[in-house]
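Hi,

Here is the structure I promised to pass on.

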Amino acid sequence: MDNPLPHITILYPLCPSYSGSTLLSLLLGSQQGIYGAGELFIFSKHPERIDALQEGLCSCNQKRYQDCDFWTKTNALISEKYGLTLEQLNVEAEDKETFLLHNSVLLEAISAISQNTIIVDNSKIVSRFVQLQQAGFNVIPIVLYREPQAVVHSWVKRQYDWWDVAHYYPSFYKEVVKYANTQDTLTIRYEALVKNPIEELQKILQQIDIPINSIDLNWQQQTYHHLKGNPMRFQKDSTISISNDWKNRISLRQQFWIVLLAFPVKMHRYWFYLFWERFVVLFTWKRY
Ligand SMILES: [Zn+2]
């Protein structure tokens, strides 16, 4: 498969929602040559994304994307070159030709307007990563891990059921190991990133051969145009810290189950996920 955009590299974090990918994307996007474009799957015809695009506010000025300078320029460029608008794009199209065209158009315009050749797409979902890879794009997965108890707690705060999320967490990474297990997969731990951002960013950039003169941690000084993601994208100072709220909010019994279910994530072998699912089902025939 020919690479449709050989001059562009896509960095693609893979993790469940609320694992810290907005922070990772903001930090990566602060480095020279890299542009954090937010969750690009928002330009799609998927019903959930259409609402998010219409309701989402750009992180630059907290206005709708039509009122943002960056997206207005991107829109103008793609309509001038291809006769398309951002609203018409379907970057999750099932049809291969549309997928290739619409993603090429969007990525090329973002690269031209931002003047960067490395773009962080924070969509996170595995299916989009696989589609991009199969279409020949140069896409590098960055698997991001955050403690399962902390992830479950973040979902619970948004009214999700802890038991469902405790099952979802390992199933997400099972999908990663099955479909996105490439040789150049990078891994990073959220807790380590927060603790030692310079070292962790250096490790990633070295592995993808990006020359690093110095690491810039002042992500709040840059202007971003994320349309979706954690509200921290609106934050005006660069302080980051680990929240241990979950320790008081998630009971010991819940913690036990969350850690037990997430156990295969540490090993990250597909066969072990399958084995463990069968093993724990013996204990979980009755909920809790
Ligand atoms: Zn903007």
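Strands β1 and β3 (residues 118–120) run parallel and are paired over 3 bridges; for pairing, DSSP has to find at least two bridges between two strands. Within β3, Ile119 is the bridge partner of Ile10. Strands here are DSSP runs (E, at least two residues) and helices likewise (H or I, at least four), numbered from the N terminus.

Before you go further: this is a predicted model, where local features need pLDDT of at least 70 and side-chain atom pairs count only at pLDDT 80 or more, while totals for chains, interfaces and linings use all residues. Residues are numbered from 1 along each chain as its sequence is written.

β1 is also joined to β4 (residues 138–145), in parallel, by 6 bridges. In β4, Thr9 has Asn138 as its bridge partner, and Leu11 has Ile140.

Put together, you get an open sheet of 5 strands with parallel pairing, ordered β2-β3-β1-β4-β5. At the edges sit β2 (34–36) and β5 (186–189), each pairing on one side only. Ignoring direction, neighbouring strands are turned by 25° against each other on average (axes are lines fitted to C-alpha atoms, for helices over the stretch in contact; angles run from 0 to 180 degrees between N-to-C directions).

Why is β1 (residues 9–14) largely enclosed by the rest of the structure? Because 6 of its 6 residues are buried, meaning 20 or more other C-beta atoms within 10 Å of a residue's own, with C-beta atoms placed from the backbone. Thr9, Leu11 and Pro13 cover one face, and Ile10, Tyr12 and Leu14 the other.

Cheers

Definitions and conventions:
A residue is buried if 20 or more other C-beta atoms lie within 10 Å of its own, exposed if 12 or fewer, and partly exposed in between; C-beta atoms are placed from the backbone.
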